[in-house]
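Please open the structure in a viewer and keep the sequence at hand.

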Amino acid sequence: MRTWSSVTLPRVPGTPPPLRLYDTATGRLRPTAPGRTARMYVCGITPYDATHLGHAATYLAFDLVHRAWLDAGIDVHYVQNVTDIDEPLLERAERDQDDWIVLGLRETALFREDMEALRVLPPRHFVGAVESIPEIVEVIAKLLADGAAYRAEDPEYADIYFDHTVTGKFGYESNYDHETMARLFAERGGDPDRPGKHDPLDALLWRCARPGEPSWESELGPGRPGWHIECSAIAVNRLGMTFDVQGGGSDLIFPHHEFSAAHAEAQTGVHPFARHYVHAGMIGLDGEKMSKSRGNLVFVSRLRADGVDPSTIRLALFSGHYRTDRAWTAALLSEAEARLSRWQEAASLPAGPAAEPTVVRLREHLADDLDTPRALAALDAWVADALRRDGTDPAAPALIRSAVDALLGIVLQ
């Protein structure tokens, strides 16, 4: 699958501190420790609707991770999937009397446009579930052969399920108790009441073909993959095991990331799937999480069509910490527009206060679990001094422009 165009990042003088990120599995803030190449997997969209600000907040958070590693001189091997076959896509296509393939292609194309407009650095591999079906089938066949998967006791549809107990470590990533896991499994695409399963928490790996549903021929019989197995197969086959960061929104902690890890660990015998499990908070509107099911979405494409500068969108979302659930409001957007205007004015001056200390603080805050509120405050302080004409360094505005571009993805004209 084709990814989107990248941008050239300016080099910023100086050396950043090591990036530390909060790890959901251990509940601790820990340094990332990639070698020459950092490996990151971030779960992508199910393309049945346009990119909303909840999506944008997640991908912008991991864009900061990407930029921080590049700033440290580390190569980044970034992989992202697209769930271009799954129940929500098929249900939306049926509801709207649309072709599910056309719907998926159209919304994926719009997602690429939105990411490019937001200056999100693209993944090296942007991989659809459909194009990955042969490798997914291979993984499922191995899990079956190893006794980590089984066919449901159903004479009509012997779907294949994963035995969630097989690794002996299930639950280490989310740290949820059984009651919470059962509730979230039912709410987030699981089928706990499906007859023929060994345990209500076992997750679907391969859905046998049903009349009127898309399916693919395979050694497993005609059918299509479940949700979690696609990310497991795509990540392992491109990044290997124990890669640096597995990322996504906090609503993916369970069941999706828990099962993705369990599938990979059962397949390979290696633990853990990732060194860091990193999760972004939810964006709300009118007191509720922004989601397609609630219909309370603010679309990136609509903001762009209304003439909103993508840098303003970045600034608005960066005003809150990436791990916090937070609200999107008209006031938040207005504040970001005013902030961008002040920054642009200061960065266009012929001289300003020495910028090196501000760049040091900017890097320190971003390295501290992507603390964007403090990073923006450090830049605000420099801007305030510059606008008071409190500085005579002719190189300072250009250094601020370069740092803000490279580290925050914001262009100051």
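## First stop: the antiparallel sheet

Select arginine 151, and then isoleucine 160 in S7, which is its bridge partner. The model on display is a predicted one.

S6 and strand S7, residues 160–162, are joined in the antiparallel sense over 3 bridges. Both belong to an open sheet of 4 strands, which has the order S6-S7-S8-S9 and antiparallel pairing. The edges of this sheet are formed by strand S6 (149–151) and strand S9 (223–225); each has a single partner strand, so one side of each is left without a neighbour in the sheet. On average, neighbouring strands here are turned by 20° against each other, direction ignored.

As background, strands of a sheet pair through backbone hydrogen bonds, either parallel or antiparallel.

## Second stop: the parallel sheet

Next, select valine 42 together with glycine 247 in S10, its bridge partner. The strands to display around them are strand S3 (residues 37–42) and strand S10 (residues 243–249), which run parallel and are joined by 3 bridges.

Widen the view to the whole sheet. This open sheet has 5 strands in the order S5-S4-S3-S10-S11, and the pairing is parallel. At the edges stand strand S5 (125–128) and strand S11 (274–280), each with a single partner strand, so one side of each is left without a neighbour in the sheet. Neighbouring strands of this sheet are turned by 20° against each other on average, direction ignored.

Threonine 242 is in the loop between helix H6 (228–239) and S10. Threonine 242 has a positive phi, about 55°, although it is not a glycine.

Glycine 44 lies in the loop between S3 and H1. Leaving aside residues up to four places away in sequence, glycine 44 touches Tyr59, Gln80 and Asn81. For a distance across the model, select the C-alpha atoms of glycine 44 and leucine 201: they are 157 residues apart along the chain and separated by 24 Å.

Select residues 253–268, which form helix H7. Helix H7 lies across S10 and S11, and runs at about 150° to S10. Within H7, pick out proline 255. The peptide bond that joins phenylalanine 254 to proline 255 is cis, with omega about 5°.

Then move to proline 272, in the loop between H7 and S11. Histidine 271 and proline 272 are also joined by a cis peptide bond, and omega is about 0° there.

Two packed helices are described by the angle between their axes and the distance between the axes. Select helix H11 (residues 356–367) and helix H12 (residues 372–387): their axes come within 8 Å and cross at roughly 170°. H11 and H12 are therefore roughly antiparallel to each other. To view the contact, show Thr358, Arg361, Leu362, His365 and Leu366 in H11, which meet Thr372, Arg374, Ala375, Ala378, Leu379 and Trp382 in H12. By class, this contact of H11 with H12 has 6 nonpolar, 3 polar and 2 charged residues.

On the H11 side the contact is made by Glu356, Thr358, Val359, Leu362, Arg363 and Leu366, and on the H13 side by Leu399, Ile400, Ala403, Leu407 and Leu408. The contact of H11 with H13 has 8 nonpolar, 1 polar and 2 charged residues.

## Last stop: the cavity

How many cavities of 30 Å³ or more does the structure hold? There is 1, and about 50 Å³ of space lies in the largest cavity.

To display the lining of the largest cavity, select Ala57, Leu60, Ala61, Leu64, Leu317, Phe318, Gly320, Tyr322, Arg326 and Thr372. Helix H1 (53–71) and helix H9 (310–318) each supply at least two residues of this lining. The largest share, 4 residues, comes from H1. By class, the lining residues divide into 7 nonpolar, 2 polar and 1 charged.

Methods:
Residues are numbered from 1 along each chain as its sequence is written. This is a predicted model: local features need pLDDT of at least 70, side-chain atom pairs count only at pLDDT 80 or more; totals for chains, interfaces and linings use all residues. Side-chain values use heavy atoms; hydrogens and water are left out. Two strands pair if DSSP finds at least two bridges between them. Axes are lines fitted to C-alpha atoms, for helices over the stretch in contact, and angles run from 0 to 180 degrees between N-to-C directions. On a 1 Å grid over the protein atoms alone, a cavity is a set of points where a 1.4 Å probe fits but cannot get out, and a pocket is an open set with protein on both sides within 12 Å along at least five of seven lines; lining residues have an atom within 4 Å of a point. Grid points are joined across faces, edges and corners, and a volume is the space filled by probe spheres set on the points. Ala, Val, Leu, Ile, Met, Phe, Trp, Tyr, Cys and Pro count as nonpolar, Asp, Glu, Lys and Arg as charged, and the others, Gly among them, as polar. Angles under 35 degrees count as roughly parallel, over 145 as roughly antiparallel, 65 to 115 as roughly perpendicular and the rest as oblique. Contact means heavy atoms within 4.5 Å.
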